[in-house]
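Visitor: I have a model open and would like to walk through it with you. Could we take it one question at a time?

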Amino acid sequence: MKKKLQIILSICLCSIVFFSCKKVADFLDKPPGIDVDENLIFSAQVQTERYMATLYQYGTFAPYPLRPADAGFSGLPASFGAFNGNMNSATIGITDEGEQSESFSIAQDWNNAAVTPLNIVSREDERYFLRWLAIRVANIILERADGIPDANNDYKKMIKGEALFIRALSNFETFKRYGGFPIVNKRIITIEDSKIARSSVADCVAAIVKDCDDAIALLPVVQTSNFTGRAHIGAALALKARTLLYAASPLFNTATPYLSLGNAEDDKLLCFGNADNNRWKLAADAAKAVLDWSAANGFALIDVPANRIPVFGLGGIVNGNYRTSWQQPDNQEMIFSCKLYGAPKSNGSFPWQFFLPRSNYVPNGLGFWTPPSPTFNFVRKYERRDGTTQTWDLVNGGNDLLAKYDQLDARFSQTICYTGARLHANVTRTPIYQGTTSDKTAAKGGFWMLKWIPDAIPTLPQIANAPIFRVNEVLLSYAEALNEFSGPTPEAYAAVNAVRTRSGMPNLPPGLSKDQFRTRVRNERDIEMAFENYRLWDIRRWMIAEQDGVMQGNMLGLEITRLNNTLPFPTAFSYKSFVFETRTFQKRMYLHPFDNNEVLKGNLKQNPGW
Amino acid sequence: MKNKIALYKIFSCCCILAFSGEVVAQTADSIRLLKPAAEKYIGFAKQKTNIVTGSITTITGTDTRKAFTNNITNTLYGRLPGLTMLQGGNEPGANNATPFIRGANTFGFNGAPLVIIDGFLGDYSQLVPEEIEEISVLKDASATAVYGMRGANGVLLITTKRGKVQPLAVNFNAQYGIQGASALPKFLNSFDYARLYNEALTNDEKPAFYTQANLDAYQNGSDPVFHPNVNWYDEVLRKTAPLANYNLNFSGGNNTVKFFAMLNALSSEGLYKKFGDDFDESSNATYNRYNFRANVEVALTKRLSSQINIGGSVDDKKNPGDLSTGGNFSLLDVLAPNAFPVFNPNRSFGGNQTYSGNPLANLTSTGFSTSNATSLQSSLRLTEQLDMITKGLSTSVAVSFNSFYQAASNKRKTYERFSISKNLLGDTVYSRPFGAKTSLSPTEVVLSQFRNYAVQASLDYDRVKGVHGLSGLLLFNTDNNIIDKQVPNTDPANQALPYKSNGVSTRLTYTNKEKYIAEFSGSYMGTENFNAGNRYGFFPAASLGWVVSKENFLNNSKLIDFLKLRVSYGIVGNENIGGQRFAFAQRYPFIASYNFGTGNNTVGALGEGRRLNPDVTWEKEKKANIGLEVNMVKRIAIVLDVFKNERYDILSSSNSTIPLFLGFNGLPDLNVGKTSTKGFELSIRYSNDEKKPLQFFAEAFSAYAKNNIDFNNEPQQPNTNLYRTGYAIGQPFGLQALGLFQTTAEIAASAVPLGIAIKPGDIKYRDFGGPNGVPDGIIDGNDATAIGKTSIPEWTFGLNTGMSYKGFDVNLIFQGVAGVSQYLGGSRFYAFQNNGQVTEAALDRWTPTNTGAKYPKLSIEGNQNNYRFSSFWQRDASFIKLRVAEVGYTFSNKLLKSIRLSQARFFVNGTNLFTLDRVEEGDVDALYGYPQIRTVSIGLKVQLK
């Protein structure tokens, strides 16, 4: 008995050992997971499409804040924590367009000139890292596109063109912030390959333009409605035009930069190193090419004659061509837009909660924070509807506020939420005056934003329209470039007037000098492209930041007092302007500083003054 | 805290009384004899203590019982030279201390030692002292090399009790104590709060908020409704809460069967008041744990024996409100004494919009939470003597299954609270409610789970032939650990994958006359977390020992009884490196989606994940150790170990050197970090002649471990003071405070932060430099520098001393640490910040008339100058604690025999009785959250034979 037990146990013992040994060989192999690798991505067109989604996700952006969670950037490693921005990327409060007084907003650091290489990423450029991700994705697509087995030639050409476009777009976004940048035009594998220094402004502009030209050769003329939101020739042309416009502008198109890096060679990282008026010609030609393309392919200003002067609908919705142009997604003047927010978003989510005033300020405003308040500096730019300048008594104020508002350019009531204006379906009379919660301490400029806020947002989730290239911008760029090159030609007049006409504004007076025309076209651009993340970059490329009331000096707001108690809403208000803030601008702020961590890695030469 | 002299005196008196009584000679379990145990546990085996060449220190299970706490990890403070325990928390059920062996070891993911229970990976925090035979700390390469790529952080080797050949012995222990907070924060009362608040407003150039009438009302307490003065800690905490432990164990055996069986019940109540008794939908804070163990050895045949170990525990925790108490204490830390009354006149809860709740209501009216955890450790081992092949050879096979599972059930609701005011007529007006009243709603959650399987097979050889002794071990181990934990940067698909390892360990020990010892040990081991080609590593160690006292010249020495020199050197690894799971494989995770088309068709996006590192590997450490063991004059034993460790291949971030424009979605961590640690442990034990009626012993140790970051791949810094290299692991970096500004002229002449108005009474900082290393007159992040010490002490001290006289015994255990810093952060310490309270420390604030103040000037605004991370709020956290004081009396045999007991001992125990330290603001071990616990208990231990 004992012996038997012993034998049985010995067998058990041995088999356990044997069993374990047999499994040893494959015991430590990684179990199959759900992992995808690069070869799988390029194994079929349907897989590649998912990678194209990545390209656009990294490569496109909106003129308003994208919160990473909403925009889908959940996969970013925490080590790049910079992209945590809530309201960060909106530049409205940095410029004279508005005042962003929310305590955690980035704008005050710009207004106080407290932006530094240590905080720049969180103060404006959270997408610094994402752009390099987009460029890497683009480079990988360019490298692998030809090898997709089941894709036809058109598809391969198209995705290569798209990759080139996104690469150029990302590079342009870096260029406009920093000047010359490291050109990365292939996938980097080794650390040695990564030792790339900044290239000169001339080389960078050339690289962006080349990518655009190459993309134009590969991309379809337009995209089908299934593919709206993906690059086509028009998008690449528009990017090229914008790049050349910036390149021709005083900031870059000069022999002497705003601040010197100490020697002529390094200064070429900041500007061309020579002034050449012909660059305006290139810019004008490029803009013309966009306009030619758009005319041929049905992209045009929204201009229903009946809607030029806004129709005040039931309950006071201000409906005009201009409102349609920013409110309706994928409209006919949208050359290229960001479609990160595909699904309709409710008022409690981004981006709406950023623009809506919170209910503490405007009862039923539905917002979460204090949105930017447009300044009086900005509102003063609106002409009267007859094309003349509006007069405001800056010293004594006046008792005719609503009458003054009534006289303004129709785009005013489609851009600004002013005293008594309709904010959205739930707020038909916005109370902005002393004694309400939107007094001069809350709405510092005396206004809230209306642009971007769809009227139906309180009840119905809305798709956020996020234009990147629009026809109206191209027209204004064309006019600007033509004027700078050869004075106010009829073509330049025609371009500006087209934009004015569709909003019911009279043509510019004939016979303007080059300087007068420049003033008018810049004013037109400020009004037309308001809050669309143009102003900061325009200020810098025009080099007007130091002018009083632009990025330096006094920022004005309106102190508004009601003059009667009429129900449901007072009918008369007085206004008085006051300085709510005095801002500081330093010359070094004409270009962003590179993030300190990046500079310390040794490859990037920091911009001057930082 | 200031020492509790009164309590200390009482204890001294007890001691004196104890020695004056009539006593009978009896060996008490608190007195340890000088003779070291004949054998020591080493990795996977036991070895004669005389020939051990590794650095190992040991404590018995009985010893760990001395500190009376509900968690065994809290019994090890100051007990084992080389083992530093950092106090975790104090809340019952959430108070695991964190062990470090010889310091922090690594700046990588995990410096925690490996824990081995009866030969297998396990979690020892669930064990109780009564089931533990020994806890050993394995420190050097010789001791840890058999654990290969898991041994570099040192090993805590825990062995549970086994039966012996002896008649059945039945032991029953009961211990009952009361616990109380050893220190609570000292917040000011309403009058002082209001007075200082007004002063802060004045400093901020704002009008005062409280009128003189308000201040009078606070001072005379005439209006507790509208001018309340609530000590919220008193409202929710009670002074004492019971803690009890009952243990019944049996052991015994004959040549066929040996067994040890144990049942243990522990019951602990939390410091919250007994809300469950007064409120139906709340509960008392309780923590109960039930442990059992059955270790049985059966000789199946003459040569084949089996051993079955089964141990387990069930724990039950209940708290009013939330399961963890962090939220309660963060509210208590900010809530002003005059914010609102506990109850309004109509018995509704007081509250307002500023504060998130009413602490009392949070505990009585938000329901309750319970958690249950079960743990199981089981193993089966078969050992066969193979003497028929060659004498001294045996083989054994073992399997083990361990499991831990913890789940919680929360029954939560919310409540209404109202703020009150007086209208012009003097009527009390109630606001509309804050919060909403809801009924209980349940949620069930799994908190954590862990299980592992392991198989071991080994060949052992042990034989002495003449002067030559040879022992050897060849052991194969494979294990599979399923750990449900969030691994950083790993997608969910990989989280549930088990961690596996395979390894072969070996040891070969040669002794010559037990005088010269040479040992080789090592392990060849692999884990699945690394690339196939880099999966296995070899970790060898060699050690030599020389028992000098066996040499002729010391043979008859009266001075030296035993003298051994030992030296060891080897390489051990640490596979627990953190970083990405399977970092060798490039992954393309889903990164959400984008929308195409006018219909916004969503396309899921795939992106390149964090860049792969094909060469990712484990950390390695070269460990060198020299040891000396001396026993002298039959009374004194000295052990000295000096060591030097060099850790390399620490996984370090490369974000700092690889530029972002490469476009990697996350840069790979690289095995480039290096650290080194030096130190020593010295322990001295004295005990007097065991034949004398007055027995005395004292055991003291001091341990020192200082580490240094040699390389961490950090970026080029604008200022040299920002470099971490050359400093200790975890070195705090912050601004260096230079005291308080006294005059505006001084401010004008000094560096200050940008954009903040600095006034006299604010903290002045040292300006090290701007972005270019030149002092720039601006205080910012560039001015940070190494301040103070790390939170892991460089020095640890222990003193365990006691005496017995006839039946009485007394035992004191002290723990000390030095070379350690703590930081005072958050609302508890920062007056009025985040609508917070004010502590007594603020009474010594800066004012124009109190310029020598220790506390900066008050302000109610978020002060961005005074509360920056700086040396101003850092404290030297060195301390000496009396961890244990125990007085016992063992009854005489005569008396016992009449009631059929073989032993009975009655004792009084105090745990954490007092602390001497330099932190005035609170208990150095519990600066935040749940207070440190002090326990006084009585106990009875009886044995039946």
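Visitor: Leaving aside its neighbours within four places in sequence, which residues is B:Asn245 in contact with?

Guide: Happy to start there, and please keep in mind that this is a predicted model. B:Asn245 is found in strand E11 (residues 241–253) of chain B. Once neighbours within four places in sequence are set aside, its contacts are B:Phe68, B:Glu130, B:Asn173, B:Ala174, B:Gln175, B:Asn264, B:Ala265 and B:Leu266.

Visitor: Is B:Asn245 buried or exposed?

Guide: The cut-off for buried is under 20% relative accessible area. B:Asn245 has 10% relative accessibility, so the residue counts as buried.

Visitor: With which side chain does the side chain of B:Asn245 make a polar contact?

Guide: The partner is one of the residues in contact with B:Asn245. At 2.9 Å, the side chain of B:Asn245 makes a polar contact with that of B:Asn264.

Visitor: Now to chain A. What covers the buried residues of H18(A)?

Guide: Helix H18 of chain A runs over residues 490–501 and spans 15 Å from first to last C-alpha, close to the 16 Å expected. Its buried residues are A:Ala492, A:Tyr493, A:Ala495, A:Val496, A:Asn497, A:Val499 and A:Arg500. Their cover includes two helices of chain A, H17 (471–486) and H19 (514–528).

Visitor: How many disulfides does a search of the whole structure find?

Guide: Take A:Cys338 as an example: the nearest cysteine sulfur, that of A:Cys212, is 18 Å away. A disulfide needs the sulfurs within 2.5 Å, and A:Cys338 is in no disulfide. Over all chains, the number of disulfides found is 0.

Visitor: Is A:Cys338 buried or exposed?

Guide: Relative accessibility is the value to look at here. For A:Cys338 that value is 4%, so this cysteine counts as buried.

Visitor: Which arginine lies over the face of B:Phe343?

Guide: Chain A has an arginine placed over a ring too: A:Arg230 lies over the face of A:Phe227, at 4.3 Å from the ring centre. For B:Phe343, the distance from the ring centre is 4.1 Å, and the residue is B:Arg347.

Visitor: One last item. How far apart are the C-alpha atoms of B:Phe191 and B:Gly597?

Guide: B:Phe191 is found in helix H4 (residues 190–203) of chain B. Not counting residues up to four places away in sequence, B:Phe191 touches B:Leu215, B:Tyr218 and B:Gln219. B:Gly597 is 406 residues from B:Phe191 along the chain, and their C-alpha atoms are separated by 67 Å.

How values were computed
Residues numbered from 1 in each chain as written. Chains lettered and ligands numbered in written order. Predicted model: local features only at pLDDT ≥ 70, side-chain atom pairs only at ≥ 80, totals over all residues. Heavy atoms only, no water. Helix = DSSP H or I, 4+ residues; strand = E, 2+ residues; numbered from the N terminus. Expected span 1.5 Å × (residues − 1). Buried < 20%, exposed > 50% of the residue type's maximum accessible area, 1.4 Å probe, protein only. Contact = heavy atoms within 4.5 Å. Polar contact = N/O pair within 3.5 Å; in protein donor to acceptor, adjacent residues only side chain to side chain. Lys NZ or Arg CZ within 6 Å of the ring centre and 35° of its normal.
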